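Here's a quick briefing to read alongside the coordinates. Have the viewer open and follow along.

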Amino acid sequence: MQTCLISAVCTPLKDDSSLDVDGLAAHLEDQWRHGISGVLIGGTMGIMQLLPDKTYRELVQHGTRLAHGCGEVLVGAGDTSLIRTMERVRFVEQWDVDGIVVLSPFFLTLGQDDLLAYFREVADRSRKPIYLYDLPGTTKTKLSLETVLQLSEHPNIHGIKCSGDWVDTWRLIHRVDRAFRVVPAQPQMVDLLVRCGVACNLDGIFAVAPGLTACIVEAAEQGEYARAASLQGKMCELLKLVLTKYPLFPACSAFLQAKGISGNVFVPPTRPLSPKQREQFLAEPLVVELLTGPEAAMR
């Protein structure tokens, strides 16, 4: 079974927070060149909720155009209320997408009955396939197993992106109908998911280092488990760098710019790395390796 890798891509921006179309084109091409199967445009890594509305519309329009015919295209549309979410859904429906990924509302704390009603209403009214997006670390709201099982019966809810605890995701995989797609976000265990026969994996770090991600999967699929584990160690080290040692989005911006992808992938009040931080980050041995080593040039 060939693993489906989906990158939650970044949103390259100009200094005025408008879309850097050239940067987006280069970023997407970097995914396809390294064998990524699909992209999530406007997900958490794409900072959809932080973008000006005009920039979000540009992102969807240009992102779907640039990705057309290259792989699966998913677009994030979840917002703080049903009204705001449906405004985004209506816009996304104009373009050629494979699915709309809807985050749980994240300003107010909702109960499970509220979430059931919310997602059912979105799915009823959408003309495109809907995917749930469970991100409890950010939304502070967890979609319970029973809620997801009930929503999985809706004919226009096609799956879920799970960014929570892996045990919960594994339990869900074994409870839902096979037609309902469970897509984990588990970048720290890409090799193990391949060995377990999990069909898909989706994360934002894949968009930053698609070559490394694809190499992990290739090694695991070929039974080269020691090599896959070694490469997985590099992925975990990269995650540690951008999640604990350096600020995530400024570090990712510096990394992508070093790859020739223009634009920043954050908006104020987030600030870029200082010149000293940037120099230190780009001199990290793993960063140097990823920018110049075999994984960088794969495929």
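Is Ser17 buried or exposed? Ser17 is buried, because its relative accessible area is 12%, and the cut-off for buried is under 20%. Keep in mind that this is a predicted model.

**Overall picture**
- The protein has 14 helices and eight strands.
- A compact globule of 299 residues would have a radius of gyration near 19 Å, and the protein comes in at 18 Å, so the two agree.
- Of the 299 residues, 55% count as buried.
- Take the contacts with a separation of 6 or more: residues 24 or more positions apart account for 70% of them.
- The protein exposes about 13,000 Å², and carbon and sulfur atoms supply 53% of that area.
- On the charge side, there are 29 positive and 34 negative charges, and their mean positions sit 2 Å apart.

**Helix α2**
- Helix α2 covers residues 53-67, which makes 15 residues. From its first C-alpha to its last it reaches 21 Å, close to the 21 Å expected at 1.5 Å a residue.
- Its buried residues are Thr55, Tyr56, Glu58, Leu59, Val60, Gly63, Thr64 and Ala67.
- As for what they pack against, the partners are helices α1 (21-33) and α3 (82-92), plus strands β2 (38-41) and β3 (72-76).
- In general, residues three or four places apart in an α-helix point the same way, because there are 3.6 residues a turn.
- Just after α2, Gly69 takes a positive phi of about 80°.

**Gly63, inside α2**
- Gly63 sits in helix α2 and counts as buried because its relative accessibility is 0%.
- Leaving aside residues up to four places away in sequence, Gly63 touches Leu24, Leu28, Ile41 and Glu58.

- Arg88 lies in helix α3 and is buried, with a relative accessible area of 7%.
- Which residues does Arg88 touch, not counting those up to four places away in sequence? They are Met48, Asp53, Tyr56, Ala77 and Asp79.
- Glu218 is in helix α10, residues 210-221. Glu218 counts as partly exposed because its relative accessibility is 26%.
- Glu218 and Ala185 are 33 residues apart in sequence, and their C-alpha atoms are 18 Å apart in space.

- As background, most residues other than glycine have a negative phi, and most peptide bonds are trans.
- Ser17, in the loop between β1 (4-8) and α1, has a positive phi of about 70° although it is not a glycine.
- Ile47 has a positive phi too, about 45°, and is not a glycine either. You'll find Ile47 in the loop between β2 and α2, where it counts as buried at 4% relative accessibility.
- Pro268 and Pro269 are joined by a cis peptide bond with omega of about 15°. Pro269 is in the loop between α12 (248-258) and α13 (275-282).

Notes: Residues are numbered from 1 along each chain as its sequence is written. This is a predicted model: local features need pLDDT of at least 70, side-chain atom pairs count only at pLDDT 80 or more; totals for chains, interfaces and linings use all residues. Side-chain values use heavy atoms; hydrogens and water are left out. Helices (H or I, at least four residues) and strands (E, at least two) are DSSP runs, numbered from the N terminus. The radius of gyration is taken over C-alpha atoms; the globule rule is 2.2 Å times the number of residues to the power 0.38. Buried means under 20% relative accessible area, exposed over 50%, partly exposed in between (1.4 Å probe, protein chains only). Contact means heavy atoms within 4.5 Å. Accessible areas come from the Shrake-Rupley method with a 1.4 Å probe; for residues, only the protein chains shown count as cover. Lys and Arg count as positive and Asp and Glu as negative; His and the chain ends are not counted. The place of a charge is taken as NZ of Lys, CZ of Arg, CG of Asp or CD of Glu. The expected span of a helix is 1.5 Å times one less than its number of residues.
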